[in-house]
Amino acid sequence: MTDTLKITDDVLPKFPKHVKFKYNKPRDEWVILAPERLVKLDMVAVEILKLVDGEKSVKNISIELSQKFNAPKDIILKDVTDMLQDLSDKGFIEENG
Amino acid sequence: MDDLKQNNLKTASEHGIQAPLALLAELSHRCPLQCPYCSNPVQLEKKTGELTTDEWKSVIDQAVEMGMHQIHLSGGEPTVRHDLEDIVEHCSKTGLYTNLITSGVLLNPERLNKLESLGLEHVQLSFQDTDNDNADRIGGFKGGHAKKLEVAKWVRDVDLPLTCNCVVHRQNINNLDNFIKMALDLDAERVEIAQVQYYGWALKNRAAFIPTPEQLDHATEIVEKARVDLKGKLVIDYVIPDYYAKHPKNCMGGWGRRFLNMNPKGEVLPCHAAETIPHLKFDNVRDHSLKWIWENSEAFNLYRGTDWMPDPCKSCDRKEIDWGGCRCQAMALTGDAKNTDPACSISPLHNEIFDMAAEEARNAPPEFIYRKYNVRFNSPI
């Protein structure tokens with residue numbers, strides 16, 4: 001595992017190779033799968049994580065969400081940062097590059 | 001014992017239980033190691049009775065259709081099976097998150113590379129100690145520890161995430177710092193510090209393994225400090241021996257609620273130790289679908305929910321938190337699987353058993369009773 005990542009506006013978040021963000025059809029739910037880990041996600045988390053592709057920065061993800069949901073950009077940015085920091089601390093998100 | 005005469009047991013859906021989350025697939029009981037805390041049943045399955053490749057593929061398809069997320073390919077030693085590659089490929093194709101639980105000693109770089117290319121997602125490698133000689137003594141396999149260190153490097157060379165599974169007890173607990181350091185040195189994502197759990201074969205060796213409460217407290221301090229220091233660098237999972245816990249573990253997240261286990265011949269079990277409960281009859285995927293078994297199998301429905309519980313569980317406000325603890329431990333220590341797990345501090349047998357274990361921990365450890373699959377088991381490849 002790499003060193004602790006601090007999520008800032010310019011970070012390009014991505015899922016590590018062994019972490020799968022996926023939709024389970026029979027259960028009709030989105031989850032994160034990792035070694036011995038299963039994380040169930042609420043709709044907000046799912047909308048954020050659908051934009052995580054290693055190309056978009058934290059800031060751009062937030063802008064896109066604030067436009068899509070017509071919500072204040074600074075509040076969204078904080079939510080996105082907090083959630084990605086939490087997932088990063090648990091080893092579910094890393095930085096591209 | 002007259003549970004079995006009942007034919008009005010509620011099924012999984014009547015309990016409001018959804019499909020299981022993960023499948024622990026014991027591909028074979030064969031194993032070159034002889035660990036005295038082996039979690040496999042006392043009666044091991046022969047090679048000839050094992051499910052075929054196609055039977056496992058069918059099970060995997062069924063697991064996916066049910067909505068399971070993960071599969072743990074385990075044993076015994078799963079790499080003794082020559083069709084492991086086929087099974088991994090099938091898991092990956094169908095979208096199951098695929099985890100290999102192995103001692104590693106039969107692996108080579110080519111095979112690991114192949115497994116990774118077929119879609120394996122994670123390797124969990126067991127370690128018996130950080131001290132070379134003691135590790136080999138515990139596993140009963142000369143050269144095992146050195147080989148495991150090599151295997152760990154090969155795992156990371158093909159960029160597979162690694163978990164070090166460290167089984168901890170009085171004969172290696174002083175190396176806890178070294179276990180964590182080893183996991184870091186091996187570039188593991190995750191380390192499991194798992195104290196021995198005492199049923200099946202491990203119960204035969206309890207006196208050789210059980211730490212004193214002081215040793216355990218010291219170990220817990222080390223783990224808690226490391227968790228803070230290594231946050232974001234290494235995930236540390238920690239399982240204490242539940243003899244020293246105030247509440248019992250909520251074993252398997254409750255009997256038949258979240259997981260299922262399959263043994264090598266296709267019987268479906270609520271947990272890997274369930275065969276230690278002698279009156280349970282297990283249904284087999286050769287006779288029924290996995291979905292039917294999860295829903296209807298008597299072995300599952302007997303201890304689902306809370307209706308079966310006697311006191312003190314029945315009147316306890318934690319009954320839907322702990323689910324009565326571990327049925328197998330209740331069976332092993334009280335002779336009745338329905339009793340409150342004696343690991344619980346309000347079990348009427350808790351003090352008697354705790355005192356006995358603490359006494360064992362104070363005395364010198366006896367010799368191991370080794371677990372041998374077969375005395376002539378030299379070359380499984």
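Let me begin with a question: how far is the sulfur of Cys313(B) from the closest cysteine sulfur, and in which residue does that sulfur lie? Please bear in mind that this is a predicted model. The closest cysteine sulfur belongs to Cys344(B) and lies 6.7 Å away, which is too far for a bond, since a disulfide needs the two sulfur atoms within 2.5 Å. Cys313(B) itself counts as buried, because its relative accessibility is 7%. Searching the whole structure gives zero disulfides over all chains.

I turn now to the interface. Chain A contributes 22 residues to the contact and chain B contributes 35 residues. Between them, about 2,300 Å² is buried, with carbon and sulfur atoms giving 47% of that area.

As for polar interactions, 16 residue pairs are in polar contact between chain A and chain B, both residues being at pLDDT 80 or more. The two chains also share four salt bridges. Lys17(A) forms a salt bridge with Glu116(B), where the closest N and O atoms are 2.9 Å apart.

On the side of chain A that touches chain B, the elements giving two or more residues are strands E2 (20-24), E3 (29-34) and E4 (37-40) of chain A. E3(A) provides the largest share, four residues. By class, this side of chain A comprises 11 charged, seven nonpolar and four polar residues.

Thank you for your attention.

Notes:
Residues numbered from 1 in each chain as written. Chains lettered and ligands numbered in written order. Predicted model: local features only at pLDDT ≥ 70, side-chain atom pairs only at ≥ 80, totals over all residues. Heavy atoms only, no water. Contact = heavy atoms within 4.5 Å. Buried area = accessible area lost by both parts, 1.4 Å probe. Salt bridge = Lys/Arg side-chain N within 4 Å of Asp/Glu carboxyl O. Polar contact = N/O pair within 3.5 Å; in protein donor to acceptor, adjacent residues only side chain to side chain. Nonpolar A, V, L, I, M, F, W, Y, C, P; charged D, E, K, R; others polar. Buried < 20%, exposed > 50% of the residue type's maximum accessible area, 1.4 Å probe, protein only.
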